[in-house]
Amino acid sequence: MSVQSNSEIFNKLKLTLKIGISIAIFNVTTESHWKRILIKSSLISAILCLISTILHIANAFQGKFTSNLALSFILFFGCIQIISKTFFMRYNRNNLLELLDKVQSLHNNFENKELNSIAEKNLTKFGNIWKTCFKLGKVLVTIGVCSFSIANSVIGDSGVVIQLPFIPNNFPYYTQIMLLIQFIFLIFGAISIFYTDITIAFFGFEIMAMSDILYDYISENKDRIQEDPDLLKIFIIRYCQIVDNIKRFNNIVSLTNLVQFVTSAFLSFATFFFLRSNPRNPVAYSSALMTLFQLFIPCVFGEFIKIKMERLSTTLYLTNWPDLNLKDQKCFLLVLGMTQREYGLKAAGMYDVNIYTFIKIVKMAASWCTFIFTLETTMGKDN
């Protein structure tokens, strides 16, 4: 197993990752012409869509929350999420690029052949998982955008959830024009959300790969730690690198995760309301699935990173470090002290990013939906 093999694993992913990072941080300086258009259009269309949905909501709201307004709110909060994520990712672009360099060094910097062999196995595994997620995500996003647009086209005027300024409702082919513009907004919005999330997912997978590499290496050599002093050095350096990368990754996605939680709560509410109002509409189910999926992604990464770090900490503790000399014991105890801390992801440094948070947000959105739907039903009966 050669270092060159690990570099090839990264290079195969780098081309796709590069455009994902450019869209996520709105970097248009060194891209090709068509990529610059794509990157610019993703953010510009989100801003225009946000303005259009605000105009529609302001003009369509008549004291009652309808299915049409629910669809408009889905676009509204989706645009808020895109714009906010792009802003915070661009703000942290230096940290993101530094993390990319550190991840790249993971693919070509190993102390020995055994560690290189373990690394290739884990990097290949997580690289294949990421590529599968990328392909599956593209299919799901394509199906979601197309089904949403086709369903809105079928229902006509009720499917129009945006409004452009200075274009009256009686303008010739108004409905068709609005549906076409909605479709364009959806395409670029889906591209922005997909590439931003898949870029974040890449770094999450790489951190999990780092953890598994060290875990496997420690598991195979934990009884040799007193025989080979270099092993202790490798254990400590590699563990500190993982902790540093988790902290850097957490700094990058901390505010992004907060935006994800807030917008996803309202997105879930809107999709649940639309689903409850239109239980036979397949678009309602696909919209709910995509909303829950984009919230589930960061939560499952936070959960897995936490679990893998806890497992790694336990494995470190179970090495025969008491057999080390006094100097090495003191050094190792410092590392064991680090392992007592919980290493996971947090939103804005306050809220844990894990499955429990995912469940809480979904339950909260479902409660809102039940309350509003019951209120609307009661008011309808009274009238």
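**Entry 1: rings**

I began with Phe 269, which is buried at a relative accessible area of 12% (buried is under 20%, exposed over 50%, partly exposed in between, with a 1.4 Å probe and protein chains only). A note before going on: this is a predicted model, where local features need pLDDT of at least 70, side-chain atom pairs count only at pLDDT 80 or more, and totals for chains, interfaces and linings use all residues. Residues are numbered from 1 along each chain as its sequence is written, and side-chain values use heavy atoms, with hydrogens and water left out.

I then searched the whole structure for aromatic pairs and got 17. For these, rings of Phe, Tyr and Trp (its six-membered ring) pair if their centres lie within 6.5 Å; planes under 30 degrees apart are stacked, over 60 edge-to-face, and the rest tilted.

I looked up Phe 77 and Phe 266, and their pair is stacked, with 4.7 Å between centres and 10° between planes. Phe 77 sits in helix H3 (residues 67-91) and Phe 266 in helix H7 (residues 229-277), so this pair ties together parts 189 residues apart in sequence. My helices are DSSP runs (H or I, at least four residues), numbered from the N terminus. Phe 77 is buried at 13% relative accessible area, while Phe 266 is partly exposed at 32%.

Back to Phe 269: I found that it pairs edge-to-face with Trp 368, at 6.4 Å centre to centre and 75° between the planes. That pair also links distant parts of the chain, since Phe 269 is in helix H7 and Trp 368 in helix H10 (residues 355-382), 99 residues apart. Trp 368 is partly exposed, with 30% relative accessibility.

I followed the ring pairs and they join Phe 73, Phe 76, Phe 77, Phe 266, Phe 269, Phe 273 and Trp 368 into a cluster.

**Entry 2: a charge over a ring**

I also checked for charges over rings (NZ of Lys or CZ of Arg within 6 Å of the ring centre and within 35 degrees of the ring normal). Arg 311 has its charged end over the ring of Tyr 215, 3.7 Å from the centre.

Next I put a 1 Å grid over the protein atoms alone: a cavity is a set of points where a 1.4 Å probe fits but cannot get out, a pocket is an open set with protein on both sides within 12 Å along at least five of seven lines, and lining residues have an atom within 4 Å of a point.

I found three cavities of 30 Å³ or more. The largest holds about 70 Å³, and its lining includes Lys 85, Asp 197, Gln 260 and Gln 294. Helix H6 (174-221), H7 and helix H8 (282-317) each give two or more residues to this lining.

The largest pocket has a volume of about 1100 Å³. Of its 45 lining residues, Val 141, Ile 193, Met 290, Thr 291 and Gln 294 are the closest to the centre. Which element gives the most to the lining? I found that H8 does, with 13 residues.

**Entry 3: record check**

Last, I opened UniProt, where an unreviewed entry places "transmembrane region" at several stretches, among them 37-57 and 69-88. Residues 37-57 are 100% helix and 0% strand in the model, with end C-alpha atoms 29 Å apart. Residues 69-88 are also 100% helix and 0% strand, and there the end C-alpha atoms are 28 Å apart.

Technical notes:
Grid points are joined across faces, edges and corners, and a volume is the space filled by probe spheres set on the points. UniProt positions are given in the numbering used here, feature names are shortened, and annotations may be inferred rather than shown by experiment.
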